[in-house]
Amino acid sequence: MTVFTGSATGASAIYAEATTELARALAEQGVEIVYGGGHVGLMGTLADAALEAGGRVRGVMPQSLVDGEIAHPGLSELDIVADMHERKQRMAERAEAFIALPGGAGTLEEFFEVWTWQQLGLHRKPVALYDVNGFWQPLLSMIEHFVAEGFLAERYRQALIVVQTPAELLAALQQWAPAPAKW
Ligand code: AMP
């Protein structure tokens, strides 16, 4: 499972708590986590919690960020890649599914790439939002607006998984089927 999340921890402890809960659940299910490889913010929280629970965690980081984002020292594997493009490509290849936890512009950038590629049929893997504390509601309103104004087919909104708990996520992943590609 490839996880995108913030390089900050957010204004409320609820974000780190929910991230820890998800990381533990994935570790217990034997699901390998693939993420950006950092030790900072919710990325660090995620990796620490999964490793502590005995899970496998693979980081993917460009050399330029290894110092800036302080590569996590305890990962099961750390792939050092040339640049951001290779990072995203590697994270996409390794994934069976993608989930975005709360984060900022970087998290959104990664989320939109995998969700738009799903619409184009470039991959057939589920994409999910982990809606901790209603964090993604403003984005979901925008997505509704895309549909209402005729810029997004309803089936792509439907194909996006939105969950609030690890159990909901695991159930949704089992049931998910891809929508027909756009072209
Ligand atoms: P943020 O959600 O802004 O805290 O960003 C989370 C992480 O996403 C950052 O620490 C980066 O590792 C990664 N990131 C930011 N921008 C990009 C990008 N354009 N492409 C790929 N990864 C990114």
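These notebook entries record what I looked up in the structure.

**Entry 1. The model.** I noted that this is a predicted model, in which local features need pLDDT of at least 70 and side-chain atom pairs count only at pLDDT 80 or more, while totals for chains, interfaces and linings use all residues. Residues are numbered from 1 along each chain as its sequence is written, and side-chain values use heavy atoms, with hydrogens and water left out.

**Entry 2. Nonpolar cores.** I first looked up the nonpolar cores, meaning sets of buried Ala, Val, Leu, Ile, Met, Phe, Trp, Tyr and Cys residues joined through side-chain atoms within 4.5 Å. I took buried as under 20% relative accessible area, exposed as over 50%, and partly exposed as in between (1.4 Å probe, protein chains only). The largest core has 29 residues, and those with the most contacts inside it are Ile33, Tyr35, Ile99 and Tyr130. Among the elements that each supply at least two residues of this core are helix 1 (13-28), strand 2 (33-35), helix 2 (41-52) and helix 8 (166-175). Helices (H or I, at least four residues) and strands (E, at least two) are DSSP runs, numbered from the N terminus. Helix 2 gives the largest share of this core, six residues. Apart from this core lies another, of 22 residues, which includes Phe4, Ala92, Val127 and Trp136.

**Entry 3. Leu160.** Where is Leu160 found? I located Leu160 in the loop between helix 7 (154-159) and strand 7. Leu160 counts as buried because its relative accessibility is 6%. Not counting residues up to four places away in sequence, Leu160 touches Phe111, Trp115, Val127, Leu129, Leu140 and Ile143, where contact means heavy atoms within 4.5 Å.

**Entry 4. Helix 4.** Which residues of helix 4 are buried? In helix 4 (residues 84-94), I listed Arg87, Lys88, Met91 and Ala92 as the buried residues. Seen down the helix axis, they fall within an arc of 125°, so they line one face of helix 4; the arc is that of the directions from the helix axis to the C-beta atoms. An α-helix has 3.6 residues a turn, so residues three or four places apart point the same way. The face turned away from the buried side of helix 4 carries the exposed residues His85 and Glu93. At the start of helix 4, I found a side-chain oxygen of Asp83 within 3.2 Å of the backbone nitrogen of His85.

**Entry 5. The cavity.** I then searched for cavities, each a set of points on a 1 Å grid over the protein atoms alone where a 1.4 Å probe fits but cannot get out. By this rule I counted one cavity of 30 Å³ or more. The largest cavity holds about 40 Å³ of space, a volume being the space filled by probe spheres set on the points. Its lining residues, which have an atom within 4 Å of a point, include Thr2, Phe4, Lys88, Met91 and Ala92. Strand 1 (2-4), helix 4 and helix 5 (105-119) each supply at least two residues of this lining.

**Entry 6. Two loop residues.** I placed His123 in the loop between helix 5 and strand 6. His123 is buried, with a relative accessible area of 12%. A polar atom of the His123 side chain lies 3.1 Å from the backbone nitrogen of Lys125. I placed Asn133 in the loop between strand 6 and helix 6 (137-148). Asn133 counts as partly exposed, at 49% relative accessibility. Phi of Asn133 is near 60°, a positive value in a residue other than glycine.

Key: Polar contact = N/O pair within 3.5 Å; in protein donor to acceptor, adjacent residues only side chain to side chain. 1 Å grid on protein atoms, 1.4 Å probe; cavity = no way out; pocket = protein on both sides within 12 Å on 5 of 7 lines; lining within 4 Å.
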